[in-house]
Amino acid sequence: MNIRPARVSDVPGIQELVGVFADRKLMIRRTKAELYESIREFCVAVDDENRVVGCVALHVFWEDLAEIRCLAVAEALQGEGVGRKLVDWCWEVARELEVKSIFALTTATEFFLRCGYRVIEKTELPHEIWSECVRCPAFPECRESAVLRSGDDVPQATARTRVLASSAARLF
Ligand SMILES: CC(C)(COP(=O)(O)OP(=O)(O)OC[C@H]1O[C@@H](n2cnc3c(N)ncnc32)[C@H](O)[C@@H]1OP(=O)(O)O)[C@@H](O)C(=O)NCCC(=O)NCCS
């Protein structure tokens, strides 16, 4: 098992993996064009034969906020720590970019709690994030929670992030 930044040759594998869970209405389906355009946002887990068995993308929204997207682990490998590694990769990238907080909209709430995230009110997130919601198979009946992880030691934190972090702290 290897976790590494995605390459264009991974796109068919990512699309297939995401498609499995999109069929179950757990994820938004992605076209190849979307995946190629955003390939630099992706990290993949690959097996010994270089097949994609896990994927995640980190999409930067603003100077202090990024979103975890397209998180999926092949069913046969779930429960073995791959998902946590992918989410931790997002956190490391966010730190390198000096993005202070990352969030996800997810039905896998318990998984994110295990990975150090906190549940926040969806209304705490900026309106821009809802642009993808119309593409969600569950729209308009949202079943997802908002989860957030925020660090305190990244320089130049903005007021916007402080509002998010303090809101989460108030809730927990
Ligand atoms: C959610 C998902 C990515 C988790 O990946 P995974 O590789 O199975 O997770 P991990 O093995 O790294 O689990 C990390 C921890 O979360 C826990 N966990 C994982 N999935 C869980 C679940 N559904 N419910 C409760 N706990 C869960 C694990 O037990 C583990 O706990 P630990 O702290 O005791 O070790 C995977 O189940 C998946 O691909 N689901 C389908 C697609 C999906 O829902 N994606 C999320 C969209 S945001």
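User: What distance separates an oxygen atom of the ligand from an N or O atom in the side chain of glutamine 78?
Analyst: The distance is 3.4 Å. A polar contact is a pair of N or O atoms within 3.5 Å, so the glutamine 78 pair counts as one. This is a predicted model, where local features need pLDDT of at least 70, side-chain atom pairs count only at pLDDT 80 or more, and totals for chains, interfaces and linings use all residues. Residues are numbered from 1 along each chain as its sequence is written, and side-chain values use heavy atoms, leaving out hydrogens and water.

User: Which backbone atoms lie 2.8 Å from the ligand?
Analyst: Leucine 71 has a backbone N or O atom 2.8 Å from a nitrogen atom of the ligand. Glycine 79 has a polar backbone atom 2.8 Å from an oxygen atom of the ligand. The protein also buries 72% of the 920 Å² that the ligand exposes when taken alone (Shrake-Rupley method, 1.4 Å probe).

User: Where does the ligand sit?
Analyst: The ligand sits in the largest pocket, which means that more than half of its atoms lie within 2 Å of the pocket's grid points. A pocket is an open set of points on a 1 Å grid over the protein atoms alone, where a 1.4 Å probe fits and protein lies on both sides within 12 Å along at least five of seven lines.

User: What lines the largest pocket?
Analyst: This pocket holds about 980 Å³ of space. Its lining has 42 residues (an atom within 4 Å of a point). Leu26, Met27, Leu71, Thr106 and Ala108 are closest to its centre. β4 (65–73) gives the most to the lining, with seven residues. By class, the lining has 25 nonpolar, six polar and 11 charged residues.

User: Which residues lie nearest the centre of the second largest pocket?
Analyst: They are Arg30, Glu34, Ser38, Glu41 and Arg69, from a lining of 13 residues. The space is about 170 Å³. α2 (32–37) gives the most, with three residues.

Technical notes. Grid points are joined across faces, edges and corners, and a volume is the space filled by probe spheres set on the points. Helices (H or I, at least four residues) and strands (E, at least two) are DSSP runs, numbered from the N terminus. Ala, Val, Leu, Ile, Met, Phe, Trp, Tyr, Cys and Pro count as nonpolar, Asp, Glu, Lys and Arg as charged, and the others, Gly among them, as polar. A polar contact is a pair of N or O atoms within 3.5 Å; within protein, one must be able to donate a hydrogen and the other to accept it, and residues adjacent in sequence count only if both atoms are side-chain atoms.
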